[in-house]
Every structure is written in structure tokens, then in C-alpha cells.
Amino acid sequence: MLKNIRFMTVLLLVLCGSMLMSGCGLLFSNELIVNRYADALLTKNNELQFRFRINNDILSGQQLYKVKVTIHDDKLAAAIGKREIVYGEDQVLNGEYLEVKGKSEKYIFMDPLPLKEDLHIHELKNMIEKNNAVSIEVFNNQEVFGRVYLTNFSSEL
């Protein structure tokens, strides 16, 4: 009986420890780019939109940064027509930097990019979720603050 209680206690501790180490059960993230909120969305107009969340608390010492999306898959880059997209390049004069202020996390919804070539939804999903086709990088002129591969895909179709 005592042996069973010890076994169950150890099993529970291992289970709780693995959940904490994997990030399950944590309310606040210490990631710069919060990957569980980062995804590529295929719109019903056959456009691809990149959406993600930046944790500004980690950038507290830095006041300015840029966000770059890099397409690593050749087929996806050909379909989009670009290999790199820098956030704010079109909206802000001369690609000026984004400022860190206000809330601790900032949602970024990049403008949807029309696909020049049709790709099947399952092919897009595999490229993004399994093949590391897209990465997001936060940087300034001096250093790269964080880089992560986009691993979530959703579709309006």
C-alpha cells in the first residue's frame, strides 16, 4: 500500500514537472515572439497574412525595433513573390522603426499578401507547420533580439 502511494506521488510529480517545463499551465510567456499567438492565415481572397504578438516587456531596454518575416521555402516565396517582408516598410516613411510603448504585448497583423500561384491548403499547412517555411525576426541596427519559426496555420476557406 505504501509502495503504491509513493509510486503515485512520484508519477504526479513527474507529470507536473513536465507540464511546467513544456510551458503548459503558464499564464504569462517569457518569449519575445509569443509563438502560440503567431500564425499564417490564408484568407478567402487567396491572400496570406502573418499575425503574431511581440512581448514588449522583454524589449524594455530598447526603444526601437523592426520585425522581419523571412520565407525560407522556395515554392512559397515564389507564390508570394517576396523572400523578406519588413513590418512597417510601406506604412512608415523609409522603413522607420516601431516604438516600444504602452501595453506589454503588441499584436502585429501584417497586410495580406496575394498569392501569385495557387497552393493547396494542405500543402501550405505542411510548409508552415512542419517544414520551417517562415521565420519572424525582431531586430534593430545593432542586434537581433529574437527569431522564431512560424508553426501555426489557419484558413478562412
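A residue counts as buried when its relative accessible area is under 20%, as exposed when that value is over 50%, and as partly exposed in between. The structure discussed here is a predicted model.

The chain as a whole provides the setting. Three helices and 10 strands make up its secondary structure, and read from the N terminus the elements follow the order α-β-β-β-α-β-β-β-β-α-β-β-β. Of the 157 residues in the chain, 36% are classed as buried. The accessible surface amounts to about 10000 Å², and carbon and sulfur atoms contribute 55% of this area. Among contacts in the chain with a separation of 6 or more, 67% are made by residues 24 or more positions apart.

Two strands pair with strand 1. Strand 2 (residues 47–55) runs antiparallel to strand 1, and four bridges connect the two. Within this pairing, Leu41 has Gln49 of strand 2 as its bridge partner. The hairpin formed by strand 1 and strand 2 has four residues between the strands, and Asn46 adopts a positive phi near 60 degrees there. Strand 10 (residues 153–155), by contrast, is parallel to strand 1 and is joined to it by three bridges. In strand 10, Phe153 stands opposite Ala40.

Attention may now turn to strand 4, which covers residues 84–86 and includes Val86. Val86 has a relative accessible area of 17%; since this falls under the 20% limit, the residue is buried. Apart from neighbours within four places in sequence, Val86 contacts Lys66, Val67, Lys68 and Met110.

Tyr149 belongs to strand 9, which comprises residues 144–149. Its C-alpha atom is separated by 9.5 Å from that of Asn131, a residue 18 positions from Tyr149 along the chain.

Terms used
Residues numbered from 1 in each chain as written. Predicted model: local features only at pLDDT ≥ 70, side-chain atom pairs only at ≥ 80, totals over all residues. Heavy atoms only, no water. Buried < 20%, exposed > 50% of the residue type's maximum accessible area, 1.4 Å probe, protein only. Contact = heavy atoms within 4.5 Å. Areas by Shrake-Rupley, 256 points an atom, 1.4 Å probe, with all protein chains shown as cover. Pairing = 2+ DSSP bridges.
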